[in-house]
Amino acid sequence: MSDHCVEHSHAGRRRTAFAIALAALALPLLAVVPASASTPEPVLDGLSQSSAAASCWEIKQNVPDSPDGSYWLLTPQLVAPRTFHCDMTTDGGGWVLIGRGRNGWKDNYNGQGTSDDVARTVTGTGAFSVRQLDAHVIDGLLGGRRIDSMSDGVRLRRATNIAGTQYQEARMKFTSRDRWSWTLGAGFPISGTFDGSAFSNTTTRDFGLDNAYRRVITYDDKSANYVRGFNYGAGATGNTNADSYLYSSVAGGAKPSPFSQVFIRPKLLTADVTYPAVPDTGTAAKAQAPLPASGSIPATWGVAGTGAAG
């Protein structure tokens, strides 16, 4: 072999070795280039619209030390996030307040006030004026489930003394009811407990274990002067004071209306509910049924004459 060929052979080997060395240097450089980090899922703590949870219960599971207070909740049936008051303390927490007040509860399907009204003032004399969530909103909190499917039932918390320093816990478990209604005086079948003592085979109209402080009367009762609330039985008495937690229309009147709070505890998790897909163009328009305006049929009332001869 000629010297020229030998020289070319050595040069080729040198180029090959140099290329291998470069490749070896490049490998560590490639290894230290970080992959694009994925955005972590936000904690659904209910503290903002963007972190709204499906239930107070879900917030309690996600953030166990969450205090009692106002939180944002969202289910497919609620359509948009709303604020609600959550009791995060009682019996493991996760309860959502659906109504509160003293005397003046109504059986209107649309309740009294907004969810903000119910959540804003939940205790004290400022909460005596009744506020009840719309029944459609309560059904929305259930996430499409039946009211009789809740193992915890409906929780009723009532003051048991005039000063409002003592309270009672009652639970109503609906035995055959698909959705919520404030017409409790109609008598929906229930079972339940008073401070842990069980009762059964009765209705929401009038139930309990005695005829005093372990009784609930929800219909318009003549003997209570038709003052409606979650009233006690005939063995309990109240007074007419504006700051009384046991109200009666007459001094020492029987069957008083106590300051009461009503809660439910749907154990919904966002991962378990399905939200409908919304196209980029938005959803289709939906026709709304026309509603008559108040005063749309005006009437004029008055005295046409004095009745005396002219």
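This is a predicted model: local features need pLDDT of at least 70, side-chain atom pairs count only at pLDDT 80 or more; totals for chains, interfaces and linings use all residues.
View 1. Asp 221 sits in the loop between strand E10 (215-217) and strand E11 (246-247). If you set aside neighbours within four places in sequence, the contacts of Asp 221 are Tyr 226 and Lys 255.

**View 2. A disulfide joins Cys 56 to Cys 86.** The S to S distance is 2.0 Å. Cys 56 is in helix H2 (residues 56-62) and Cys 86 in strand E2 (residues 82-87), so to speak two distant parts of the chain, 30 residues apart. The torsion about the S-S bond is about -65°, so the disulfide is left-handed. Both cysteines are buried. A search of the whole structure finds one disulfide, the one shown here.

**View 3. Arg 171 and Asp 91 meet in a salt bridge.** Their side chains come to 3.7 Å, N to O. Arg 171 is part of strand E6 (residues 167-174), while Asp 91 lies in the loop between E2 and strand E3 (95-101), 80 residues apart. Asp 91 counts as partly exposed, at 48% relative accessibility. A search of the whole structure finds 13 salt bridges.

**View 4. Asp 178 forms a salt bridge with Arg 179.** The closest N and O atoms of the two residues are 2.9 Å apart. Asp 178 is partly exposed at 31% relative accessibility, and Arg 179 is partly exposed at 39%.

**View 5. Strands E7 and E8 form a hairpin.** Strand E7 (residues 189-194) pairs with strand E8 (residues 197-203) in the antiparallel sense, over five bridges. Phe 194 stands opposite Ser 197 in E8. Two residues lie between the strands, and Asp 195 in the turn has a positive phi of about 45°. Gly 196 is also found in the loop between E7 and E8; Gly 196 is exposed, with a relative accessible area of 62%. Look across to Glu 169 too: Gly 196 and Glu 169 are 27 residues apart in sequence, with their C-alpha atoms 8.2 Å apart in space.

**View 6. Ile 138 is buried in helix H4.** Helix H4 covers residues 135-141, and the relative accessible area of Ile 138 is 0%. Leaving out residues up to four places away in sequence, Ile 138 touches Ile 98, Leu 133, Trp 180, Trp 182 and Ile 264. The C-alpha atoms of Ile 138 and Trp 180 are separated by 6.7 Å, although the two residues are 42 residues apart along the chain.

Conventions
Residues are numbered from 1 along each chain as its sequence is written. Side-chain values use heavy atoms; hydrogens and water are left out. Two strands pair if DSSP finds at least two bridges between them. Helices (H or I, at least four residues) and strands (E, at least two) are DSSP runs, numbered from the N terminus. Contact means heavy atoms within 4.5 Å. A disulfide is a pair of cysteine sulfur atoms within 2.5 Å. Buried means under 20% relative accessible area, exposed over 50%, partly exposed in between (1.4 Å probe, protein chains only). A salt bridge is a side-chain nitrogen of Lys or Arg within 4 Å of a carboxyl oxygen of Asp or Glu.
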